[in-house]
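Please look at the model below from a few sides before reading on, and keep it in view while you follow the text.

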Amino acid sequence: MEINWTDFFAPVWLSVKISVITSIIVFLLATFAAKKMAGRRFPGYSLVETILLLPLVLPPTVVGFVLLVILGRRSWIGRLYEQFTEHTILFTWGAAVIAAVVVAFPLVYRTVKAGFEDVEKDLEDAARAQGASELQVLRYVTLPLASRSLAAGYVLGFARGLGEFGATIMVAGNIPGRTQTVPTAIYVAVDGGDMTLAWMWVCSIIVISAVMLMFVNRRS
C-alpha cells in the first residue's frame, strides 16, 4: 500500500508542536506551584493539594468533559474568547494543548515538588546568611540541587502531552490536518484495519520519546 507521507507526517508534527508547548507551559506552572507548596503547611493545604492532583486520578474522558463544559460556547470563558477572536476554543489544536496541560500538570507537579523537598534547607539558609536574596538562593542553590527532578518533570510533561488521548479527543476532536494527533490517528488506523500505518505512527512516537529521554539523560 502506498503511503501518503503528507497525511502521515501531519499528526506527527502536530503532536510534537502540542507536546513542546505543553511541556513548557506545564513545567513553568508546576514549578511555580511546587515551589510554593514544598515544605509548607497552611490552613487549607490539603484541599489545595487535592485540587492540584485531582486530574491524576480522574479518567481523561472526565477531564475532557469538564473542559468541554468550561470552554464551551455556553460558558463565560468560551463566550469571551469567541467575542475577541470570532472563533471557538473547542476543536482547535489550542484546545488540545489545554487538555494536555491539565492532564500532565499533576505528574510534573509531584515530581518537581519532591525535588524541592529533597533540597537541604540548611544550604538555603546558609546562602541567605551570606546575604543572598531569595532569587539568588533559588537560582544558585535550589534549582541546581533539584535539577534532576526538574529534568524528570519536564520529560514527564512532554511525554504526557505526546501521548494524551482521552481529554484531547473530547475537546479537540480528531480532524485530519487540524487536530488529529498521533494517538488519535493510531486509534483511527487500528479501527480501520490499517495496521501498517498504525505501526508507523507507533514507531514515530517511540523514536521521539527515546530521543527526548536520551537528550535529557545526557544533560543531567
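The paragraphs that follow go from the whole chain to one helix, then to the aromatic rings, and finally to some residues in loops.

This is a predicted model, in which local features need pLDDT of at least 70 and side-chain atom pairs count only at pLDDT 80 or more, while totals for chains, interfaces and linings use all residues. Residues are numbered from 1 along each chain as its sequence is written, and side-chain values use heavy atoms, with hydrogens and water left out.

The secondary structure of the protein comes to 11 helices and zero strands, where helices (H or I, at least four residues) and strands (E, at least two) are DSSP runs numbered from the N terminus. Along the principal axes, the C-alpha atoms occupy a box of roughly 70 × 45 × 30 Å. Of the 220 residues of the protein, 40% count as buried; here buried means under 20% relative accessible area, exposed means over 50%, and partly exposed lies in between, with a 1.4 Å probe and protein chains only. The accessible surface comes to about 12,900 Å², and 66% of it belongs to carbon and sulfur atoms; such areas come from the Shrake-Rupley method with a 1.4 Å probe, and for residues only the protein chains shown count as cover. If a contact means heavy atoms within 4.5 Å, then 72% of the contacts in the protein with a separation of 6 or more are made by residues 24 or more positions apart.

Helix 7 shows how such an element can be read in detail. With 12 residues, helix 7 reaches 15 Å from its first C-alpha to its last, close to the 16 Å expected at 1.5 Å a residue, the expected span being 1.5 Å times one less than the number of residues. Which residues of helix 7 are buried? They are Val137, Val141 and Thr142. Seen down the axis of helix 7, its buried residues fall within an arc of 85°, so they line one face of the helix; the arc is that of the directions from the helix axis to the C-beta atoms. On the other side of helix 7, Leu135, Arg139 and Tyr140 are exposed. The buried residues pack against helix 1 (5-37), helix 5 (93-118) and helix 6 (121-129). Thr142 itself, in helix 7 (residues 134-145), has a relative accessible area of 2% and is therefore buried. Leaving aside residues up to four places away in sequence, Thr142 touches Lys35, Phe116, Val119, Glu124 and Val137.

Turn now to the aromatic side chains. A search of the whole structure finds seven aromatic pairs; rings of Phe, Tyr and Trp (its six-membered ring) pair if their centres lie within 6.5 Å, and planes under 30 degrees apart count as stacked, over 60 as edge-to-face and the rest as tilted. In one of them, the ring centres of Phe8 and Phe9 are 5.0 Å apart and the planes stand at 75°, so the pair is edge-to-face. Phe8 counts as buried because its relative accessibility is 6%, whereas Phe9, at 32%, counts as partly exposed. The rings of Phe165 and Tyr187 have their centres 5.6 Å apart and their planes at 50°, so this pair is tilted. The pair links distant parts of the chain, 22 residues apart, with Phe165 in the loop between helix 8 (147-163) and helix 9 (166-171) and Tyr187 in helix 10 (residues 182-191). Phe8 and Phe9 also belong to one aromatic cluster with Trp13 and Trp201.

Lys17 lies over the face of Trp93, at 4.2 Å from the ring centre, and Arg41 lies over the face of Tyr45, at 4.3 Å from the ring centre.

Some loop residues complete the tour. Most residues other than glycine have a negative phi. Glu86, in the loop between helix 4 (76-85) and helix 5, has a positive phi near 65°, and with a relative accessible area of 67% Glu86 is exposed. Phe91 lies in the loop between helix 4 and helix 5 and has a positive phi of about 60° although it is not a glycine; its relative accessible area is 38%, so Phe91 is partly exposed.

Definitions and conventions: Lys NZ or Arg CZ within 6 Å of the ring centre and 35° of its normal.
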